[in-house]
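Please read this briefing alongside the sequence and the three-dimensional structure shown below. The points are grouped by topic.

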Amino acid sequence: MTIINPIKRELLKNALVTIADNALVMVTRTARTANVKNSMDFSSAICDAAGSLAAQGMAVPVHLGVVMPALKGCTDFFGDDIAEGDVLASNDPYSGCSHLNDIFTFKPIYVDGKRVAYVSLVLHHTDLGGRVAGGNAADSQEIFEEGLRIPPVKLRDAGRDNAAIFGIIASNSRVPDRVIGDLRAQLAALDEAGREVEAIAREMGPDVFGAYLADLIRHAEDLTRASILSLPDGTTEFEEWNDDDGAGNGPIRLHCRLTKRGDEIEVDYSGTQDDTGGAVHCNWEFTVSCTYAALRTVLAEEIPNNAGLYAPIKVIGRPGSFVSVQFPAAVGSRGQIGFRLRSIVLGALAKLLPERMPACAGGSEFAIVASGLQKTPGGADRRFLHLEFHNNTGLGGGPDSDGQDAGPYCIGNLANVPVELIESENPIRVERYEFIPNSGGDGQFRGALGLRRDYRFLTDAVRVQVRSDRYTSKPWGIFGGGPGAGGKLMANPGTEKEQALPSKFIRNFDAGDVLSVAMAAAGGYGPAEKRDPAAIESDIRQGKMTVDHAKRVYGYTAKADKEDAA
């Protein structure tokens, strides 16, 4: 029996997290697409020999709750046919993954013939075919419309690349050089992480290493239960409405019932309405992962992010509901509802923990794919494909501060795509990227402002697909705070060709056309009459609020001797 040294356990935990983080750094240095190397839409993890999550990198939180079911889908398929040098892969939502763009890869690690761990990387790959570039069309009805579905396969078999699988992936992408480049970066980082984990396991010995991983997971569960125990008992309910399902039906009712009892939490989505179609709904594994990520925000920071964190959390739902869709439903745009699930869980927590929780974060769950042909310097046509996610615009107002404008929040954690990069790689000019004045939810502490981004297309026949929401279901305020301004999409604003657009669409734009995107702002906290006049004046000085808005909403009167405020 291995005697656990808690200091050694802590050192091992930090070493594993560092290995996972280093894998992500390697990906950013070697990947080809902006969504991976700049937005950092990827995640890394280390699992024990049985497939339980033992450590994760600083990545996209909603990926990590899907790692274990995705790995289980692979190990269930291959059974005993897993050996040293293999790399297992899948993107199949109906084998435990989340949506087709996310390719999960797993490398088993061995010491002296004994499997001691798996290292894992998941990347959002830009294009794997389908009826629309990028594979995220909100109106798809079946997964067969969304692109290449990869069941559990061996991307590498006994150390040799599976050329047939690489060929299939390349043949099913509009930008194969970039997708295969990202896949090579994924495998290289997986190899490096594997070598580092193997070295630690070899030094400790396979049995001792396994005992420490098991204890690390048990320790995380103990800390999680202690953290949950410190929260007040109670049952709360919260509901939200999605504008539509992406296919013309809506609004969609989403509901959760959260019960905290002792050292456990239960989240029940059974009150959510039945699935109606489209592709913005979730498979169950992704719903559970989003729930874990939302609850993580109120638990102690020192808890290791591994399977032990999930053990005291129970998530319940109905198969066939909007958050537990069944085969062969399309799920390419499932991120949109995933972010909404975060808001619902945090809304329920705000009732349970009113002194700690902020209002609803901003964001229209906006995603854009723009694809077409552009001329190379030699005169040939080249396919371009711009993929970008703006899932948040900032935090809601909180108990003691305004929401952070353009700040990240739990679940998303994606980085901004620089304007310069967009323009250098695509025939697109970004003509506006700015805060929208007066848009943040009013209150004692206002919500983060919405963002506006205008794209001018510089070539004809650009096929654009957009997924967004929060036109009518605006980010909510709490305790007297107002909602954030809703989202809005316009084509060619301020011209005779101006046209209001729906929140989800697929259409062509020609050279000179402009797509103007206004993303929803965050909700406010507390009644507006309690807002500090100094905060109002600061907003006015920075152009975040107009004097007229300050007068109308807050009763503000500019003093004649304060020229900067007037």
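This is a predicted model: local features need pLDDT of at least 70, side-chain atom pairs count only at pLDDT 80 or more; totals for chains, interfaces and linings use all residues.

- Strand β3, which covers residues 87–90, runs antiparallel to strand β6, which covers residues 153–157, and three bridges join the two.
- Within this pairing, the residue of β6 that stands opposite L88 is K154.

**Helix α5 and the residue after it**

- Helix α5 spans residues 176–204, and its 29 residues reach 42 Å from the first C-alpha to the last, which is close to the 42 Å expected at 1.5 Å a residue.
- The residue that follows α5 is G205, and the phi of this glycine is positive, near 95°.

**Cis peptide bonds in loops**

- G250 and P251 are joined by a cis peptide bond with an omega of about 0°, and P251 belongs to the loop that lies between β8 (234–242) and β9 (252–261).
- F327 and P328 are likewise joined by a cis peptide bond, here with an omega of about 5°, and P328 is located in the loop between β11 (313–316) and α9 (334–352).

**Positive phi at residues that are not glycine**

- E365 has a positive phi of about 50° although it is not a glycine, and its position is in the loop between α9 and β12 (366–375).
- With a relative accessible area of 1%, E365 is buried, because the cut-off for that term is under 20%.
- N492 also has a positive phi, of about 50°, without being a glycine, and N492 is placed in the loop between β17 (488–491) and β18 (499–501).
- N492 counts as buried as well, at a relative accessibility of 8%.

**T236 in strand β8**

- T236 is part of strand β8, and at 10% relative accessibility this threonine counts as buried.
- The side chain of T236 reaches the backbone oxygen of A348 at a distance of 3.0 Å.
- When neighbours within four places in sequence are left aside, the residues in contact with T236 are C256, R257, L258, A348, K351 and L352.

**H63 in helix α3**

- H63 belongs to helix α3, which is formed by residues 61–78, and H63 is buried, with a relative accessible area of 3%.
- A polar contact at 3.5 Å links the side chain of H63 with the side chain of D102.

Key: Residues are numbered from 1 along each chain as its sequence is written. Side-chain values use heavy atoms; hydrogens and water are left out. Two strands pair if DSSP finds at least two bridges between them. Helices (H or I, at least four residues) and strands (E, at least two) are DSSP runs, numbered from the N terminus. Buried means under 20% relative accessible area, exposed over 50%, partly exposed in between (1.4 Å probe, protein chains only). The expected span of a helix is 1.5 Å times one less than its number of residues. A polar contact is a pair of N or O atoms within 3.5 Å; within protein, one must be able to donate a hydrogen and the other to accept it, and residues adjacent in sequence count only if both atoms are side-chain atoms. Contact means heavy atoms within 4.5 Å.
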